[in-house]
Amino acid sequence: MSLMSFFSRRTTAPVARDRLQILLAHERGIVGGKSDLVALLREEILNVIGKHVSVEREKVQIKLDRGDSISTLEIEVEIPSPASPRIAVNA
Amino acid sequence: MAKVLVVTSGKGGVGKTTSTAALGAALAHNGEKVVVIDFDVGLRNLDLVMGAERRVVFDLINVVQGDAKLSQALIRDKRLENLALLPASQTRDKDALTEEGVAKVLNELREKFDWIICDSPAGIERGATLAMRHADVAVVVTNPEVSSVRDSDRIIGLLDSKTEKAEKGERMEKHLLLTRYDTARAERGEMLKVDDVLEILSIPLIGIIPESEEVLRASNVGTPVTLSNPNSMPARAYFDAARRLRGESVEMSIPTEKKGLLNKLFGRRAA
Ligand SMILES: Nc1ncnc2c1ncn2[C@@H]1O[C@H](COP(=O)(O)OP(=O)(O)OP(=O)(O)O)[C@@H](O)[C@H]1O
Ligand SMILES: [Mg+2]
């Protein structure tokens, strides 16, 4: 065993930490995935609305609320009024 | 108001039962009325660690099924009068426990005790989910080791989704209890450090319990380590954790054994 491997053999904890961080980032997406669901919905909703009206990303609010027996998904989309110059450009 | 605390981990053998007994005794020692409940149906051990194995007559399942009254099943500790044990059944299987039955027992206990500490079985199956189901507070027991940390992460996910609190949209109070910690090995980079585990799991730390032969000694004689040797390192760490659970702010210290040179050279061989 070389001197180098003698020393590097001892500090295995950083390897453990890195492996865990990568693994858990992945597993949390599959198992829990609450925030991911909101992100996913947001993208798809933006796409659907975008087909018909032009909206800015920040103007779409999505909230997932857990209730006693039901949960609610709240979607708020701010659409510029017809007078707005942007619609005119896009129309 | 009574608090239901679940001691859970996912991975087996990390120190849940040891911690349930030690924290329960520490809280009771501080004047709180405490009951510890064994949810490990079929593999009960809390009775042994508490030194009450020969006094078990009725158990949690008997109470849930109405075969015994709660007062008949509760075993009062011989050392601390405000500490009690509700044992698990050794013979029945865990399907005998129903969610409603457990809820009813817990509500009855809420009237009589300040702390109801549920010792969860390992795993993420029915026994473990029942133990956490009605909890107000969770202590996640973790060893500084990859599989334990991964399983704790899973358990944290379940605490945030499968408990009554989570389903009501309320926040489940979660605390990390790092056990079997070996400061010297962590310093040498052989073992995950406190900060590594905290960064990965990102729930607040309630205590660091050192790896110590005192723990085995205490379980040999059936006394929670906080009563068998209150001045030992693990006992002091458990006492501090218990005070933090009560809301006191106690400075966190990383336990270090003060060893002489001879001990440093030869002490590890005995460990
Ligand atoms: N701080 C510690 N130092 C040394 N040994 C410990 C420590 N904590 C626990 N142990 C030992 O580890 C073993 C497992 O502990 P314990 O039974 O408390 O774990 P558990 O999580 O309840 O296990 P299970 O998942 O099987 O219920 C026991 O032999 C115990 O004595
Ligand atoms: Mg156990």
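This is a predicted model: local features need pLDDT of at least 70, side-chain atom pairs count only at pLDDT 80 or more; totals for chains, interfaces and linings use all residues.
Author: In chain B, a side-chain oxygen of B:Ser212 comes to within 3.0 Å of the backbone nitrogen of B:Glu214, at the start of helix α11 (residues 213-221).

Reader: What follows α11(B)?

Author: The residue after α11(B) is B:Gly222, and its phi is positive, near 70°.

Reader: Back to B:Ser212. Which atom of ligand 1 is 2.9 Å from a polar backbone atom of B:Ser212?

Author: That is a nitrogen atom of ligand 1.

Reader: How much of the accessible area of ligand 1 does the protein cover?

Author: On its own, ligand 1 has 640 Å² of accessible area, and the protein covers 78% of that.

Reader: And which elements give two or more residues to the shell around the ligand?

Author: Those elements are α1 (16-29) and β8 (205-210) of chain B. The most comes from α1(B), which gives three residues.

Reader: Which residues come nearest to ligand 1?

Author: There are 15 residues around ligand 1, and those that come nearest are B:Gly13, B:Lys16, B:Thr17, B:Thr18 and B:Ser212.

Reader: What do B:Gly13 and B:Thr17 place by the oxygen atoms of the ligand, backbone or side chain?

Author: For B:Gly13, a polar backbone atom is 2.9 Å from an oxygen atom of ligand 1. For B:Thr17, a polar side-chain atom lies 2.8 Å from an oxygen atom of the ligand.

Reader: How many residues of the shell are nonpolar, polar and charged?

Author: By class, five are nonpolar, six are polar and four are charged.

Reader: New topic, the sheet. What is the order of its strands?

Author: The sheet is open, has eight strands and mixed pairing, and runs in the order β3-β4-β2-β5-β1-β6-β7-β8 in chain B. Its edge strands are β3 and β8 of chain B, each of which pairs on one side only.

Reader: How do β3(B) and β4(B) run, parallel or antiparallel?

Author: Strand β3 (residues 75-76) and β4(B) run antiparallel and are joined by two bridges. B:Ile75 stands opposite B:Leu85 in β4(B). The two strands form a hairpin, with six residues between them.

Reader: How many bridges pair β2(B) with β4(B)?

Author: Strand β2 (residues 34-38) of chain B pairs with β4(B) over four bridges, in the parallel sense. Here B:Val34 is opposite B:Leu83 of β4(B).

Reader: Which way do the residues of β4(B) point, and are they buried or exposed?

Author: In strand β4 (residues 83-86) of chain B, B:Leu83 and B:Leu85 point one way, while B:Ala84 and B:Leu86 point the other way. All of these residues are buried.

Reader: And how do β1(B) and β6(B) run?

Author: Strand β1 (residues 3-8) and strand β6 (residues 137-142) of chain B run parallel, with four bridges joining them. B:Thr8 stands opposite B:Val140 in β6(B).

Reader: Lastly, the whole chain. How many helices and strands does chain B have?

Author: Chain B has 14 helices and eight strands. Of its 271 residues, 55% count as buried.

Reader: Why does the radius of gyration of chain B agree with a compact globule?

Author: A compact globule of 271 residues would have a radius of gyration near 18 Å, and chain B agrees because its value is 18 Å. The C-alpha trace of chain B spans about 60 × 40 × 35 Å along its principal axes.

Technical notes. Residues are numbered from 1 along each chain as its sequence is written. Chains are lettered from A and ligands numbered from 1 in the order in which they are written. Side-chain values use heavy atoms; hydrogens and water are left out. Buried means under 20% relative accessible area, exposed over 50%, partly exposed in between (1.4 Å probe, protein chains only). Two strands pair if DSSP finds at least two bridges between them. A residue is near a molecule or strand if one of its heavy atoms lies within 4 Å of it. A polar contact is a pair of N or O atoms within 3.5 Å; within protein, one must be able to donate a hydrogen and the other to accept it, and residues adjacent in sequence count only if both atoms are side-chain atoms. Accessible areas come from the Shrake-Rupley method with a 1.4 Å probe; for residues, only the protein chains shown count as cover. Ala, Val, Leu, Ile, Met, Phe, Trp, Tyr, Cys and Pro count as nonpolar, Asp, Glu, Lys and Arg as charged, and the others, Gly among them, as polar. The radius of gyration is taken over C-alpha atoms; the globule rule is 2.2 Å times the number of residues to the power 0.38.
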